[in-house]
Each structure stands twice: as structure tokens, then as C-alpha cells.
Amino acid sequence: MSECIFCKIVEGSLPSHKVFENDDCYAFLDIFPAGRGHTLVIPKKHVRDIHEADALTYSKVAAAAKDVADLLAAKLGSEGTTVFQMSREAGWQTVLHLHMHVIPRWKDDGLHKPWDIAPADDADLREVLQQITK
Ligand code: AMP
Ligand code: ZN
């Protein structure tokens with residue numbers, strides 16, 4: 001049996017609050033939610049993160065996240081949606097089974113961006129673009 005808690009949720013050996021399921025993906029409520037209806041969307045097969053996922057698997061999770069976002073908006077009357085996908089420790093991933101956070105949003109929900117907004121230095125933009133595209 002898998003040691004991965006999200007694989008255990010897919011297998012049914014750990015409980016979850018199922019929101020959505022299709023052939024490839026499973027979605028359930030986050031038990032430490034950022035807000036009402038915060039849902040995690042995962043592939044049923046174990047894939048660690050964005051870098052280890054093949055493009056088809058990642059796209060299936062993204063498509064399921066879109067369905068879940070629409071479902072939550074329709075049922076909860078949310079005014080917007082934030083989708084997060086963290087990969088690896090440096091990317092803030094804590095559960096090492098690929099997942100997308102789908103967070104219904106309201107204008108007055110009090111959540112804030114996890115980074116400070118500041119204008120980029122144009123030389124920095126050109127330097128990083130050169131490294132990415134050379
Ligand atoms: P991340 O930090 O992106 O890896 O997110 C992992 C998320 O999984 C966190 O938001 C946790 O609250 C959530 N989580 C961990 N264990 C469970 C569980 N058994 N059921 C539902 N959500 C969980
Ligand atoms: Zn897993």
C-alpha cells in the first residue's frame with residue numbers, strides 16, 4: 001500500500017470530502033482551508049510535481065481544476081477564483097503528490113498575495129529573459 005497520503009485518499013484508505021471525480025482525477029476539500037470551499041485537485045496516479053508530470057497528466061489536472069472552479073463558483077456563488085500549484089520544497093509544496101489548490105474567492109474574504117508587489121528593474125527583466133531564451 002502507498003505511503004503517500006493523497007494516494008491513500010484515492011484508494012479510499014484515508015477519508016476525504018469528495019467534491020469531484022473523473023477517470024484520471026480526484027478532488028476533495030482541503031482540511032486546512034484558506035477559505036470556504038478550498039479544494040485540492042489531484043491525478044489518481046502518483047506523480048510528484050510539475051517537473052515529474054508528463055504534459056498530458058498535468059493538462060488533465062488543469063482541466064479538472066477548471067471544472068472544479070466552475071462547480072464551486074456555481075454552487076457557492078463565489079466572485080472569483082485563485083488557483084495555486086506548488087512544486088517542491090522551494091515552491092512551498094508540502095505533500096509530494098501533484099495537486100492544484102482551487103480557492104473560491106470573494107472581494108471581502110481578507111486573503112492577500114504571498115509576495116510583495118514591486119516594479120521590476122528593466123535590466124533584471126532583460127538579463128533573466130536572455131538566460132531563459134538563449
Ligand atoms: P501544499 O502545501 O501545496 O503541498 O498543499 C498541501 C495541502 O494539503 C495543504 O493545504 C493541506 O492543508 C492539505 N492536506 C494535507 N493533508 C490533507 C488531508 N488528509 N485531506 C485534505 N487536505 C489535506
Ligand atoms: Zn501519491
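Does H46 count as buried, exposed or partly exposed, and at what relative accessibility? H46 counts as partly exposed because its relative accessibility is 44% (buried is under 20% relative accessible area, exposed over 50%, partly exposed in between, with a 1.4 Å probe and protein chains only).

This is a predicted model, in which local features need pLDDT of at least 70, side-chain atom pairs count only at pLDDT 80 or more, and totals for chains, interfaces and linings use all residues. Residues are numbered from 1 along each chain, ligands are numbered from 1 in the order written, and side-chain values use heavy atoms, without hydrogens and water.

The protein donors of the zinc ion (ligand 2) are C4 (SG), C7 (SG), H46 (ND1) and H97 (ND1), at 2.0 to 2.3 Å (donors are N, O and S atoms within 2.8 Å of the metal, or 3.2 Å for Na, K and Ca). Their spacing along the chain is C-x2-C-x38-H-x50-H. H46 sits in the loop between β3 (39-43) and α2 (55-76), and H97 in the loop between β4 (80-84) and β5 (100-105), so the pair, 51 residues apart, links distant parts of the chain. (Helices, H or I of at least four residues, and strands, E of at least two, are DSSP runs numbered from the N terminus.) The angles at the zinc ion (ligand 2) run from 104 to 119°, which makes the arrangement tetrahedral (four donors with all angles between 85 and 135 degrees). H97 counts as buried because its relative accessibility is 0%.

The loop between β4 and β5 also holds H99. UniProt, in an unreviewed entry, places the feature "active site" at H99. H99 counts as buried, at 5% relative accessibility. Its side chain reaches the backbone oxygen of H97 at 2.6 Å.

Conventions:
Tetrahedral: all angles 85-135°; square planar, octahedral: opposite > 155°, others 65-115°. UniProt positions renumbered as here; feature names shortened; annotations may be inferred. Polar contact = N/O pair within 3.5 Å; in protein donor to acceptor, adjacent residues only side chain to side chain.
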